[in-house]
Amino acid sequence: MSLKEILEKFINFYNNQQLDELMEIYSDDAVNHQTALQPIEGKDAIRNMLKEQFSRVKAYCNIQKMVEDENCVALEWTDPTGFKGCTFFYFKD
């Protein structure tokens, strides 16, 4: 499975708030670093952050463009309100 395909699965789980399935993609030592916030380190901490986020809002990511490199996928996205963002996903073996 390509990195883009893994990320497409990730986005599908995220958009449907399928937390258990989403967390299967993360490694135990994963880091979620959104540049405006402090890094969230570890699978359990990321789960707690996403669980709290999903309880507040119906998060949704519309894929605009994905560019894959050796161990990274750059994702350009919008949300339903038109907010635009770009996220880099780094993958380990």
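Predicted model: local features only at pLDDT ≥ 70, side-chain atom pairs only at ≥ 80, totals over all residues.

Visitor: Is Y26 buried or exposed?

Guide: Y26 has a relative accessible area of 13% and is therefore buried.

Visitor: How do I describe two aromatic rings that form a pair?

Guide: A pair of aromatic rings is described by two values, the distance of the centres and the angle of the planes. In this structure the count comes to four aromatic pairs. One of them joins F10 and Y26, with 5.8 Å from centre to centre and 65 degrees between the planes. An angle over 60 degrees counts as edge-to-face, and that is how the pair of F10 and Y26 is classed.

Visitor: Why does the pair tie together parts that are 16 residues apart in sequence?

Guide: Because F10 lies in helix α1, while Y26 lies in the loop between α2 (19-25) and β1. There is also a cluster to note: F10, Y26 and F89 form one aromatic cluster.

Visitor: What is the volume of the largest pocket?

Guide: The volume of the largest pocket is about 1,400 Å³. The lining comes next: 39 residues line this pocket, and the closest to its centre are F10, Y26, N32, T87 and F89.

Visitor: Which elements give two or more residues to the lining of the largest pocket?

Guide: They are α1 (3-15), β1 (31-32), α3 (43-56), β4 (72-78) and β5 (84-90). The element that gives the most is β5, with six residues. By residue class, the lining divides into 25 nonpolar, eight polar and six charged residues.

Visitor: How many disulfides does the structure hold?

Guide: The structure holds zero disulfides. C72 is in none, and the nearest cysteine sulfur, in C86, is 9.0 Å away. A disulfide needs two cysteine sulfur atoms within 2.5 Å, so 9.0 Å between the sulfurs of C86 and C72 is too far for a bond. As for burial, C72 counts as buried because its relative accessibility is 10%.

Visitor: How do I compare distance in sequence with distance in space?

Guide: Take two residues, and read both values. A74 lies in strand β4 and counts as buried at 18% relative accessibility. A74 and N16 are 58 residues apart in sequence, and their C-alpha atoms are 21 Å apart in space. A second case is P80, which is placed in the loop between β4 and β5. P80 is exposed, with a relative accessible area of 62%. P80 and L7 are 73 residues apart in sequence and 19 Å apart in space, C-alpha to C-alpha.

Visitor: What about backbone angles?

Guide: Look at Q17, which lies in the loop between α1 and α2. Its phi is near 50 degrees, a positive value in a residue other than glycine. Q17 is partly exposed, with a relative accessible area of 28%.

Visitor: Which residues does the UniProt annotation "domain: SnoaL-like" cover?

Guide: According to UniProt, in an unreviewed entry, that annotation covers residues 8-91. In the model, this span is 35% helix and 30% strand, and its end C-alpha atoms lie 14 Å apart.

Terms used:
Residues numbered from 1 in each chain as written. Heavy atoms only, no water. 1 Å grid on protein atoms, 1.4 Å probe; cavity = no way out; pocket = protein on both sides within 12 Å on 5 of 7 lines; lining within 4 Å. Points joined across faces, edges and corners; volume = space filled by probe spheres on them. Helix = DSSP H or I, 4+ residues; strand = E, 2+ residues; numbered from the N terminus. Nonpolar A, V, L, I, M, F, W, Y, C, P; charged D, E, K, R; others polar. Buried < 20%, exposed > 50% of the residue type's maximum accessible area, 1.4 Å probe, protein only. UniProt positions renumbered as here; feature names shortened; annotations may be inferred. Phe/Tyr/Trp six-rings, centres within 6.5 Å; stacked < 30°, edge-to-face > 60°.
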